[in-house]
Amino acid sequence: ALSSANKKFETLYSQKTKSIATDEKVRHTRAIRADITTVYTQLVGYINAVAPANQATYKTIIDSINVVISDVKATAAAEKTREETAKAKADKAVLGAAI
């Protein structure tokens, strides 16, 4: 019984630790997001201003930025899908338990 209780505690403690670490990452990301947005806006503004005059020089960086944007959008869409799926499963479990 003690061994079983200890294993359950270790599992719950591990899950809580992971949850706290995730919360910290989210807070850190939100804290630096404004700075990142400012720098990104300045970079894009600069590239948009000078790229038309010298397209060959800036093509590679523009293509790279577009790839990053596509990756971020795909990651956000996948995360949204995972969250919706998890919510649907949780709702289904609650409904199944209520029946």
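Tutor: The model is a predicted one. Helix α2 comprises residues 55-98, and the protein chain has 2 helices and 0 strands. The salt bridges of the model number 2.

One of them joins Lys59 to Asp63, with 2.7 Å between the closest N and O atoms. Both Lys59 and Asp63 belong to helix α2, where they are 4 residues apart, about one turn of the helix. Asp63 has a relative accessibility of 35%, and therefore counts as partly exposed.

Another salt bridge links the side chains of Arg82 and Glu79, at 2.9 Å from N to O. Arg82 and Glu79 likewise lie in helix α2, 3 residues apart, which is about one turn of the helix. Arg82 is classed as partly exposed because its relative accessibility is 47%; Glu79, at 34%, is also partly exposed.

As for the setting, 4% of the 99 residues of the protein chain count as buried. The accessible surface of the chain amounts to about 8,700 Å², with 64% of it belonging to carbon and sulfur atoms. The radius of gyration of the chain is 23 Å, whereas a compact globule of 99 residues would have one near 13 Å. Along the principal axes, the C-alpha trace spans about 75 × 30 × 20 Å. The chain carries 15 positive and 10 negative charges, whose mean positions are 5 Å apart.

Definitions and conventions:
Residues are numbered from 1 along each chain as its sequence is written. This is a predicted model: local features need pLDDT of at least 70, side-chain atom pairs count only at pLDDT 80 or more; totals for chains, interfaces and linings use all residues. Side-chain values use heavy atoms; hydrogens and water are left out. The radius of gyration is taken over C-alpha atoms; the globule rule is 2.2 Å times the number of residues to the power 0.38. Buried means under 20% relative accessible area, exposed over 50%, partly exposed in between (1.4 Å probe, protein chains only). Accessible areas come from the Shrake-Rupley method with a 1.4 Å probe; for residues, only the protein chains shown count as cover. Lys and Arg count as positive and Asp and Glu as negative; His and the chain ends are not counted. The place of a charge is taken as NZ of Lys, CZ of Arg, CG of Asp or CD of Glu. A salt bridge is a side-chain nitrogen of Lys or Arg within 4 Å of a carboxyl oxygen of Asp or Glu.
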